[in-house]
Amino acid sequence: MFRVRPLLSALVNHRQTLKTNGGLYKPFCKMSEGGMDKQTATLLKRTNEENEDSAEKVQAAKRVKTDGEHAEDEKKYPKKKVVLLMAYSGKGYYGMQRNPGNSQFRTIEDDLVAALIKSGCIPENHGDEMKKMSFQRCARTDKGVSAAGQVVSLKVRLIDDIIEKINEHLPPQIKVLGLKRVTQGFNSKNNCDARTYSYMLPTLAFSPKDYDTGNIAAFRLEPETLQKVNRLFALYKGTHNFHNFTSQKAPSDPSARRYITEMSCGEPFIRRNYEFAVITVRGQSFMLHQIRKMIGLVIAVVKGYAKEEVMERSWGHEKVDVPKAPGLGLILERVHFDRYNKRFGGDGLHEKLEWDREEEEIKAFKEAHIYPTIIETECEEGSMVCWMATLPIHDFEATSIEVQDDKVKKQDDADEGNDSD
């Protein structure tokens, strides 16, 4: 407590002494005009110093208490390196990766970090400096892109019921489905061997270019067309130079070479009277917009806007105008850690990073939050139909068109920073 009462008492006693000694008393409020006497000034100075000391002791005590609480938390719940299995619907978010200080573009990681802090898994200051918790994600999903099997690695306090407590502070369209301990040096991006994506689209995308798009519900994909689609997708398998399938990559850039192990389109199915199909692609890694452009080029060929030979030409050194399909239907299905599992999965200390037990929950989340969003948005907004209307402006015969190339580059630059991987 501040020593205010002793100060008043001292001043009252000093005033009484002045009266007793015949001295003239001047009101305290006028001391500044003539200056206070030396004894009063000394008393006031001493009291102020004692007050300052007392305030410092109070603050120090608070710091000690807070530090003690943190130390107690660290002792009770020491930080450990883990991975979190996540699923989310990307609609309304500007991708996965957080951009600190840029709150107007909300990302999945913004909500995840907030939930980690509120649940007590990480200290509050880790939210501003994510390196403190060694945070890393497997893939930087693009704006609006969803995930059913995203994996992030980080150091957390292993509190009781940790998954439930994190989910309490997350919106319904984001959910943590699993947690596993990993080695201290684990990095979810660097240790990831491959990524599998799916792309859900209305089969109308593979209709002839003169088909009446006003009659979407009536279209059904013929088996022969599906066979052609899969034959074209199979051409992507292996290692190719995908510099034409992303922005700002030169043909000579080694990073433009990517390895694709699988790409195919599944059997069609009906939702809300519209026919949909799901394309699956697995690769070592993908560049910005690569998957959407791989799909866009096949659609252009199937619909008759481009000749099949454009695919082989797109892997060469020439510049080829490749259309980019909408981002709505893209989903990060799962990430693969084959080398890590082989090395550490059987050491008796760590689990394999496989999620068979969570498979039913993953399916349930997709049915509840991801598929309905894609289907409803497609049916109401018609993003695929609108995109197909732009295909005639692409010139697939020319090797370089400055006007069109500049237009595409501007659009890609506008999306830069939201890599699919």
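Buried means under 20% relative accessible area, exposed means over 50%, and partly exposed lies in between, with a 1.4 Å probe and only protein chains counted. The model shown here is predicted, so local features need pLDDT of at least 70 and side-chain atom pairs count only at pLDDT 80 or more, while totals for chains, interfaces and linings use all residues. Residues are numbered from 1 along each chain as its sequence is written, and side-chain values use heavy atoms, with hydrogens and water left out.

Glu 168 belongs to helix α5 (residues 162–168). Glu 168 counts as exposed because its relative accessible area is 60%. Helices (H or I, at least four residues) and strands (E, at least two) are DSSP runs, numbered from the N terminus.

**View 1. The salt bridge between Asp 142 and Arg 292.**
A salt bridge is a side-chain nitrogen of Lys or Arg within 4 Å of a carboxyl oxygen of Asp or Glu. By this rule the model has 15 salt bridges. In one of them, the side chains of Asp 142 and Arg 292 come to 2.9 Å, N to O. Asp 142 sits in the loop between β2 (136–137) and β3 (146–157) and Arg 292 in helix α7 (residues 290–303), so the pair ties together parts that are 150 residues apart in sequence. Both Asp 142 and Arg 292 are buried.

**View 2. Arg 334 and Glu 359 join a strand to a helix.**
Here the closest N and O atoms of the salt bridge between Arg 334 and Glu 359 are 2.9 Å apart. Arg 334 is in strand β10 (residues 330–336) and Glu 359 in helix α10 (residues 359–381), so the pair ties together parts that are 25 residues apart in sequence. Arg 334 is partly exposed, with a relative accessible area of 32%, and Glu 359 is partly exposed at 22%.

**View 3. The salt bridge between Glu 351 and Arg 357.**
The side chains of Glu 351 and Arg 357 meet at 3.1 Å, N to O.

**View 4. Two cysteines, Cys 121 and Cys 265.**
A disulfide is a pair of cysteine sulfur atoms within 2.5 Å. How many disulfides does the model have by this rule? The count comes to zero. Cys 121 is buried, with a relative accessible area of 0%, and Cys 265 is buried as well, at 6%.

**View 5. Positive phi at Gln 248 and Asn 273.**
Most residues other than glycine have a negative phi. Gln 248 has a positive phi near 60°, and its place is the loop between β6 (238–241) and β7 (257–265). Asn 273, also not a glycine, has a positive phi of about 70° and lies in the loop between β8 (269–271) and β9 (274–283). Gln 248 is exposed, with a relative accessible area of 55%, and Asn 273 counts as exposed at 55%.

**View 6. Asn 190 and Phe 337, 147 residues apart in sequence.**
In space, the C-alpha atoms of Asn 190 and Phe 337 are 9.8 Å apart. Asn 190 is in the loop between β4 (174–181) and β5 (194–202) and is exposed at 57% relative accessibility.

**View 7. Arg 195 and Gly 283, 88 residues apart in sequence.**
Arg 195 is part of strand β5 and counts as buried at 4% relative accessibility.
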